[in-house]
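Keep the sequence and the 3D view open as you read.

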Amino acid sequence: MFSKLISRNSRRNRKENGLFFSSLLISIIAFYIILSLSHQDVMLFLRQMESNAVNKLMTLIPVFYCLTLFILFFLIYYASKFQLERRRHEFGVYLMLGMHRIKLFAMLLAEDFFNSILALAIGLPAAVLLSELISLVTARLVGIGIIGHQTSFSVQAALWTAIGFILIKFLAFLILSGKISRQEIGTLLVDTPEGLKKQLPPFFYGVSILIGSLCLAMAYHLAISGESWAGVRQMGLTVLLGLMGTFLFFWGLRFPLGFFVDAGKKTRQLKVFNFRQMQETVIHRSGTLAVCSLLILAALCCFGAGVAVFRFYGESAPHVLDYTFRDNANGNDPETIMLTLAEHQLDTRFSDLFEVKTGYIHTAERPDHPFRMESVMAALRKLPPSRDKDILLNNLEYEDYPHLITLSGYNRLLAAAGMPALDLASDEAAVYMDTTFTNYSRTKMLNSVLETRPEILLAQESFYLTGTVQTLNLVTDRSITLLFALIVPDEVFDHYTQGHFTVYFNGILSENATQNTSLMAAFSDMNRKLDDAGLSYESYLQNMSRQLFYMVSSSYVTIYLAIIFLIIANTVIGVQFLMSQQKASRRYRTLIRLGAAHPALCRSSRKQINWYFGIPTVFALCNSLFGVRALFTGILPLDTQSNLSEMMSVSAAMILALCVIEYTYIAAVKRSSDRYLLTLMMPEREE
Amino acid sequence: MEPILQIESLKKYYGKTKNQTKALNGITFQVMPGEFLGIMGSSGSGKSTLLNCIATVIRPDGGNITMNGRQVQSLKGTALADYRGKEIGYLFQNFELLDNLTGRENIMLPLSLHGVPEAESGKRLDKLASYLEVKDVLPKFPAQMSGGQRQRIAAARALILNPSLILADEPTGALDSKNAKALMEKLAGLNQDEKATILMVTHDSNAASYCRRILFIQDGVIFHELRRNIPDETQQEFYTRILKATAQLGGGSANVL
């Protein structure tokens, strides 16, 4: 009999409370996906290329797992709370009939266990499927056709998923059933709305909103100006201000809501009732609303920032060179490289092969400061003060021993990039800086100085700087960069370096080598052939995979967190609304007796749902505009901040997409509320 | 004069054929404009079922309910909602005030439900509030009011749309004797001065003595009827007659069956 009751109850729970059951499934899927990350195709591929970075990310997975555990606990807690609250009356009846509390506890535990096992039975296969799908889609998106797809199923991940899920489920259950069992039968049997709380004069709430807004404004100012990112203490202060601001704002929100009750036309159906209901929730649940709003904000920021970072790494630094062959190290000079390539019939697969030489000034009489550019520094100092100017001055101050680059080699590079060649006289030089060390505004500053054709001293001989700042990568390896170098005519280069220089032999794959296949596949194929030929080289593939790693890991993690945050916030809001609606069932019954029809009640509760979801969401949306901006200041490399407006628009699009998700959630809660109101109408009729 | 409410052989049965309870077994009566009609009976006599049928909370199995010439059972949708809100005013035993609305907002609730402009009823609210002596509790929430004040607010809510008929379901049931007396005096006053038509279901002979006519129901049929002889009969004398009738009916405290 007892077991029959248990199985019937758990079946009814699943049927009646889809919201609860789907939240269980979501948490299982979330656990599994983060845990099986290391089995994803992209990660397996990247592990071959960037094992260091990938391993670092993998060591972070337990942290993410614990974080997910912590966050999903709240989801399970609220969903279970709703589940138990709606059965209060039933528990009261069991106890009235003489069921021992311990037996009630055992019954609930058994029901819970039954449902958990079922959720795992459905959730785990779904999670495996979804993770497989993500694996395939990402692999396809980044164009890894070269390695065969491997199934991402991981027994370990499945095991940990089950453990984590059962753990938080049990913990939530213990807390909730403890709360329920302590209540008197009488309170279990009746649904009572929470009633009134002691109210302070409106002045306090108004001030609270004001102080809250000020705190938020300060927090965002600190974050956007970059001050917060200077240290732990500043960041702590910013976070504290942000949290305080949000909580104060929501605490004070009852003031404007109270104002809404009195203001405007009251003829709209049930307007006063709606606002009083809203006010009650805001008064009783301002803390929860604030937390939900913060979660939505976190989701929006994660999403916005993740997508922007993805875009940034996807499009950074123009890609010109495909291969750089090393010289001296193995004793092979460009001629031998060319011969080896020709021997293996690989030279035809390159559309261009050329050398770029770089070297230090090596003249016989070597002074302490072979290079001086006082006129440039003086001109820079005259520019209006800015952070970029300080950085530029600081960087250039120590440049007294620069690299030299051959003009011929650099011009080949320019030609390959489809840019006009540089033309230098024998007493002219061009400035080279790597993109890593400059940005739009610094380059602009230096260009304005270069326009004046400033005079410099190179080993005590006068030279004139001309043209604009050059930034094309000299070699494929992005970890080889030059902060500052001078491009000089070849004879000047030969004169100053005295034969002490490094040759980088660069190659660009021809179009027919990359045709009919993805770039990744073309590189992998070429690498294999070059390995066979015994050449040592650096290919763009490494850079690409490094880039890919950043793209995949940052977007994966941020989007994952964003979805988790969003689901939790929405579930909590939805469940809270439905719970308070149930507690106010008596009010709805009174309205029905006063002649309210079902459509009128639905309209009223729909309005309340709009407000209930709308307040935290709109608050989070407004904040996210600043929040995403602040994150960009903190996490994006300096040189991308010039195209910040473009990044912001990307994020705005994402935020819009999230609004759509929010809308779907609201629609689901509305349907659930409509159904509940219908049950209030029906039984009275059939009495 | 046309009756406001006409009940013709009203039937309501609960349960299956074998084990049927006939809560209403063909009741017929009329309520005339300006009447204060009481319905008395023991528990399970069918008086609440009768009230619920009139209030369209439950659907009768047979017979007719006609309010101002319209058949109530055939009403649907907006017409039904309008009937509940405008034609009848309902006074509940446990007040059924919305605890998160102030007194004023509770009284205004029917206006908001039925889309009546507030300005029109503002004057009526003032008049009702001062008559029912609840003016100073209008801005308070129900939790801050006494039981009597709550019921008087509920009365004002039932009256605000000037309904043709006020249905009162044991209105003194949750009140102490002092507050019960005050409420009944106000209801009787409304009946005399405003010509409000009231149909009250009660257990309480004291409250019933404010009525002009009383129908006694037992086992779903009208069993007896008492009329107060105005102005010859005092309320006290009428009360004694009610007590006698209840004693005979076996529903009151003096069960002599």
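Q: In this predicted model, at about what angle to S2(B) does helix H1 of chain B run?
A: Helix H1 covers residues 47-54 of chain B. The helix lies across S1, S2 and strand S4 (62-67) of chain B. Its angle to S2(B) is about 60°.

Q: In what order do the four strands of the open sheet of chain B stand?
A: The pairing in this sheet is antiparallel. S2 and strand S5 (70-71) of chain B each have a single partner strand, so they stand at the edges. One side of each is therefore left without a neighbour in the sheet. The order is S2-S1-S4-S5.

Q: How many bridges join strand S1 to strand S2 in chain B?
A: S1 takes in residues 5-14 of chain B, and S2 residues 21-31. The two strands run antiparallel. B:Tyr13 has B:Lys22 as its bridge partner in S2(B), and B:Tyr14 has B:Thr21. The number of bridges joining S1 and S2 is eight.

Q: Which residue in the turn between S1(B) and S2(B) has a positive phi?
A: S1(B) and S2(B) form a hairpin, with six residues between them. In that turn, a phi of about 85° belongs to B:Gly15.

Q: Which helix gives the largest share of the side of chain B that touches chain A?
A: The contact takes 25 residues from chain B and 24 residues from chain A. On the chain B side, helix H2 (77-87) and helix H3 (103-113) are the elements that give two or more residues. The largest share is six residues, and it comes from H3(B).

Q: How many residues on the side of chain B that touches chain A are nonpolar?
A: Chain B brings 25 residues to its contact with chain A. By class, six of these are polar and six are charged. The nonpolar count is 13.

Q: Within chain A, which helix gives the most to the side of domain 1 that touches domain 2?
A: The domain assignment gives domain 1 as 1-190 and domain 2 as 194-315 + 547-687. Their contact takes 23 residues from domain 1 and 16 residues from domain 2. Helices H2 (18-35), H3 (41-49), H4 (51-85) and H6 (101-142) of chain A each supply at least two residues of the domain 1 side. With 11 residues, the one that gives the most is H4(A).

Q: How many nonpolar residues does that side of domain 1 of chain A have?
A: Domain 1 puts 23 residues into its contact with domain 2. Three are polar and three are charged. The nonpolar residues number 17.

Terms used
Residues are numbered from 1 along each chain as its sequence is written. Chains are lettered from A and ligands numbered from 1 in the order in which they are written. This is a predicted model: local features need pLDDT of at least 70, side-chain atom pairs count only at pLDDT 80 or more; totals for chains, interfaces and linings use all residues. Two residues are in contact if their C-beta atoms, placed from the backbone, lie within 7 Å. Ala, Val, Leu, Ile, Met, Phe, Trp, Tyr, Cys and Pro count as nonpolar, Asp, Glu, Lys and Arg as charged, and the others, Gly among them, as polar. Domain bounds come from an automatic or database domain assignment. Two strands pair if DSSP finds at least two bridges between them. Axes are lines fitted to C-alpha atoms, for helices over the stretch in contact, and angles run from 0 to 180 degrees between N-to-C directions.
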